[in-house]
Amino acid sequence: MKTAGERIRRLREEREWSQIELAKKANINNSVLSRIEANKRPIEDELLVKFAEIFNVTVDYILCRTDSREKPHIITGTGDGSFSFDKDIPMKVREEIINYAEYLIKKYKEGN
Amino acid sequence: MTAQLYSLAKSEGIIVGFYEFPSPVLLGAYYHRSNNPPVILLHKKIEHRRRLLRCIFAEELGHHFTASFDLMAFARTDKKYIARKYEKLAIFWAVQYLMPLDKLIEAVNSGLFLTHELAEYFNVTERFVGTGIKLYFEKRRDYMIKLLKKLPEELNC
């Protein structure tokens with residue numbers, strides 16, 4: 001079974017970075033990174049997000065919830081100055097939004 | 001005024017579309033999949049509500065400039081606070097874009113200090129003015145306190 005630690009190690013090695021290099025980028029001690037890669041230490045939420053940003057993959061990919069590295073991100077705004085995440089966005093709504101956005105992308109590509 | 005937002009979106013290669021959202025709480029969304037143009041969706045029902053449209057549009061642009069991962073997925077977990085943090089970043093981007101601090105100071109100095117006056121001046125919703133001022137207080141506290149001191153005495157209670 002794959003683990004988050006292994007994923008991070010692999011992503012790091014693909015880039016030919018040392019643990020020290022990655023630790024520096026993530027602003028953590030390299031002993032912490034070494035323990036994370038060895039699955040001896042859980043990854044804190046903020047750090048997880050940082051790794052996702054550094055490697056340009058999704059958090060889901062690092063957590064092995066998906067094998068796809070593609071990075072769809074959809075971010076909502078109820079707007080009018082209110083924060084939209086106080087209400088849950090149902091999965092189905094999210095999918096419909098993605099479908100429509102994909103449809104627009106397709107149409108756009110056909111037009112060019 | 002919204003034209004400026006459209007042209008910024010265009011220069012960023014963002015596709016902008018109006019859409020009947022399947023949820024009443026959503027007025028806008030930003031979507032980006034690797035190697036594809038980003039998409040901003042705006043709710044059809046706000047197409048002609050000029051000020052609200054500007055605020056939502058700017059906030060979605062804010063997401064484009066400040067976030068880089070799936071916030072909606074986070075919003076469905078116990079890690080909501082991360083989503084909220086990035087949501088706030090996007091809103092602050094929008095606030096700085098539509099209601100820059102120097103312009104706000106200028107407006108207050110020229111005698112505009114009621115929410116509806118500022119909303120009209122900046123062509124945004126009153127709620128946006130409120131959120132904007134709150135965020136400026138959080139992030140530029142010293143400035144804002146100086147600004148408050150300039151308000152007429154009858155308001156300084």
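# A walk through two chains

Chain B has 8 helices and 3 strands, where helices (H or I, at least four residues) and strands (E, at least two) are DSSP runs, numbered from the N terminus. What you're looking at is a predicted model, so local features need pLDDT of at least 70 and side-chain atom pairs count only at pLDDT 80 or more, while totals for chains, interfaces and linings use all residues. As for bookkeeping, residues are numbered from 1 along each chain as its sequence is written, chains are lettered from A and ligands numbered from 1 in the order in which they are written, and side-chain values use heavy atoms, with hydrogens and water left out.

Let's stay with chain B for a bit. Starting at the N terminus, its elements go α-β-β-β-α-α-α-α-α-α-α. Of its 157 residues, 50% are buried; buried means under 20% relative accessible area, exposed over 50%, and partly exposed in between (1.4 Å probe, protein chains only). The accessible surface of chain B is about 7600 Å², and carbon and sulfur atoms hold 52% of that. Such areas come from the Shrake-Rupley method with a 1.4 Å probe, and for residues only the protein chains shown count as cover. Now take the contacts (heavy atoms within 4.5 Å): among those in chain B between residues at least 6 apart in sequence, 59% join residues at least 24 apart.

What sits inside? The largest nonpolar core has 39 residues, and B:Leu61, B:Val95, B:Leu104 and B:Tyr136 have the most contacts inside it. A nonpolar core here is a set of buried Ala, Val, Leu, Ile, Met, Phe, Trp, Tyr and Cys residues joined through side-chain atoms within 4.5 Å. Elements that each supply at least two residues of this core include helix H1 (2-11), strand S3 (39-43) and helix H2 (50-66) of chain B. H2(B) gives the largest share, 7 residues.

One more stop in chain B is B:Asn123, in the loop between helix H6 (115-122) and helix H7 (126-139). B:Asn123 has a positive phi of about 60 degrees although it is not a glycine. Is B:Asn123 buried or exposed? Its relative accessibility is 9%, so B:Asn123 counts as buried.

Over to chain A. Its secondary structure comes to 6 helices and 1 strand, in the order α-α-α-α-α-β-α from the N terminus. Out of 112 residues in chain A, 43% count as buried. The accessible surface of chain A is about 6300 Å², with 48% belonging to carbon and sulfur atoms.

Chain A has a residue with a positive phi too: A:Glu16, near 55 degrees and not a glycine. You'll find A:Glu16 in the loop between helix H1 (4-14) and helix H2 (19-26) of chain A. A:Glu16 has 70% relative accessibility, so it counts as exposed.

Now for the rings. Rings of Phe, Tyr and Trp (its six-membered ring) pair if their centres lie within 6.5 Å; planes under 30 degrees apart count as stacked, over 60 as edge-to-face and the rest as tilted. By this rule there are 10 aromatic pairs over all chains. In one of them, the ring centres of A:Trp17 and A:Phe55 are 5.8 Å apart and the planes are at 25 degrees, so the pair is stacked. Because A:Trp17 lies in the loop between H1 and H2 of chain A and A:Phe55 in helix H4 (residues 45-55), this pair ties together parts that are 38 residues apart in sequence. Both A:Trp17 and A:Phe55 are buried. A:Phe55 also stacks with A:Phe51, at 6.3 Å centre to centre and 20 degrees between the planes. Those two are 4 residues apart in helix H4 of chain A, so about one helical turn separates them.

A charge sits over a ring if NZ of Lys or CZ of Arg is within 6 Å of the ring centre and within 35 degrees of the ring normal. A:Lys25 lies over the face of A:Trp17 at 4.4 Å from the ring centre, and A:Arg15 lies over the face of A:Trp17 at 5.9 Å.

Last, look at helix H3 (residues 30-37) of chain A, where A:Val32, A:Leu33, A:Ile36 and A:Glu37 are buried. Seen down the axis of H3(A), these buried residues fall within an arc of 130 degrees (taken from the directions from the helix axis to the C-beta atoms), so they line one face of the helix. The buried residues of H3(A) pack against H1, H2 and H4 of chain A.
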